[in-house]
Amino acid sequence: MSNSAKPKRIGILTAGGDCPGLNAAIRGVGKTAIVEYGMEVYGIRAGYTGLINGDIIELKESQLSGILTLGGTILGTSREKPYKMENGKDLHKPEKIKKNYKKMGLDAVVCIGGNGTMKTAALLAKEGMNVIGIPKTIDNDVWGTDVTFGFDSAVQIATDAIDRLHTTANSHQRVMIIEIMGHNAGWLALYSGLAGGGDIILIPELEYNIRSVCKKIENRYEDNKPYSIVVVAEGIEHPKNRSAASHIAEAIQTYTGIETRETVLGYIQRGGSPTPMDRILATRYGAYTAQCIAEGCFGTMVAVKDNALTTVGLEEVGGKLRLIEPDNGLIMKARKMGVSFGDEFL
Ligand code: F6P
């Protein structure tokens, strides 16, 4: 299809780790494409695997009803990377994708995913397919947008967990370590740590020193606060054969002698129903994507900048990460309130 012809048939896929809001986004794209633009909508199963195998199902408008509040993705997902060699072998997956794209008569494909998904989407766009990306991930680390859906829901879940740890930490006068997801980014740990009143927050973007962490805990002890909450991002520097939380817990117990316990929150952070904020964000992204398809704005990722919807070129996004700057405003404010990032007293 040339960019000037009207797109009639579109495909949608969800790839990478799941997160709350995926179904809201599928619904936003699909309903707008059908109701406003009269397009046919197809769901591609299990991320890029479905494109490689030609595994698609038609999504009628009625099938897009009742999914707004559902967690996970009705289409399934996978971490398939079609451009990656397998054991040094080229399985010609991009060629299979291009063939299926034509065979299925698709005029455009919507790829909903995180950094890895956008990287693949950019390569497919380069091959001449009409591709638009929608950024999702609990990690909030997609370059080119201020926010991804899934993040707000995960912050909510992690904050709730930290709240619960507070009461048990206080009762037992213990140090409680909680490990938060986020891959190489600290957004989720920073936001849930601040919302949950964490005393120490360790994120990959700031180098911590365990002596500094212990000093903060001992100072609290001396100030009549004989319990502490330490929020640890999974991506901080730690030995690969154990969790970040257990590494930090053992060091604190050894150096301070204060009883310390650890919790790794894990996949609970990605599960369940999206928050209202994520439902709205995913819906905005979805509806805008359908409009972008109708306007032929391909090779882009939809994004939010200063709360307004916009697009960025996929080739700009692929392969980059949006990490926290050390002078991030929230970090500066938290420091002024006495929150430690494990890099003081050095
Ligand atoms: O990107 C979302 C995320 O949950 C990260 O926070 C985490 O590091 C990773 O996915 C876990 O990946 P997997 O689902 O492959 O175990």
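User: How many salt bridges are there between domain 1 and domain 2?
Analyst: One salt bridge is counted between domain 1 and domain 2. Keep in mind that this is a predicted model.

User: Which side chains meet in a salt bridge?
Analyst: Asp18 and Arg270 do, at 3.1 Å from N to O.

User: What sort of residues sit on the side of domain 1 that touches domain 2?
Analyst: Six are nonpolar, six are polar and five are charged.

User: Back up a bit. Where are the domains in the chain?
Analyst: Domain 1 covers 3-150 + 274-305. Domain 2 covers 151-270 + 326-336. Their centres, taken over C-alpha atoms, are separated by 35 Å.

User: How many residues are in contact?
Analyst: On the domain 1 side, 17 residues; on the domain 2 side, 13.

User: What area is buried between the two?
Analyst: About 1,100 Å². Carbon and sulfur atoms give 52% of that area.

User: New topic: the ligand. Which residues are around it?
Analyst: The list is Arg79, Thr137, Ile138, Asp139, Met181, Gly182, His183, Glu234, Tyr267 and Arg270. Arg270 also belongs to the salt bridge with Asp18.

User: How far is a polar side-chain atom of Arg270 from an oxygen atom of the ligand?
Analyst: The distance is 2.9 Å.

User: What about Asp139 and Tyr267?
Analyst: Each has a polar side-chain atom by a ligand oxygen: for Asp139 the distance is 2.7 Å, and for Tyr267 it is 2.4 Å.

User: How much of the ligand does the protein bury?
Analyst: The protein buries 73% of the 400 Å² that the ligand exposes when taken alone.

Technical notes:
Residues numbered from 1 in each chain as written. Predicted model: local features only at pLDDT ≥ 70, side-chain atom pairs only at ≥ 80, totals over all residues. Heavy atoms only, no water. Domains from an automatic or database assignment. Contact = heavy atoms within 4.5 Å. Buried area = accessible area lost by both parts, 1.4 Å probe. Salt bridge = Lys/Arg side-chain N within 4 Å of Asp/Glu carboxyl O. Nonpolar A, V, L, I, M, F, W, Y, C, P; charged D, E, K, R; others polar. Near = heavy atom within 4 Å. Polar contact = N/O pair within 3.5 Å; in protein donor to acceptor, adjacent residues only side chain to side chain. Areas by Shrake-Rupley, 256 points an atom, 1.4 Å probe, with all protein chains shown as cover.
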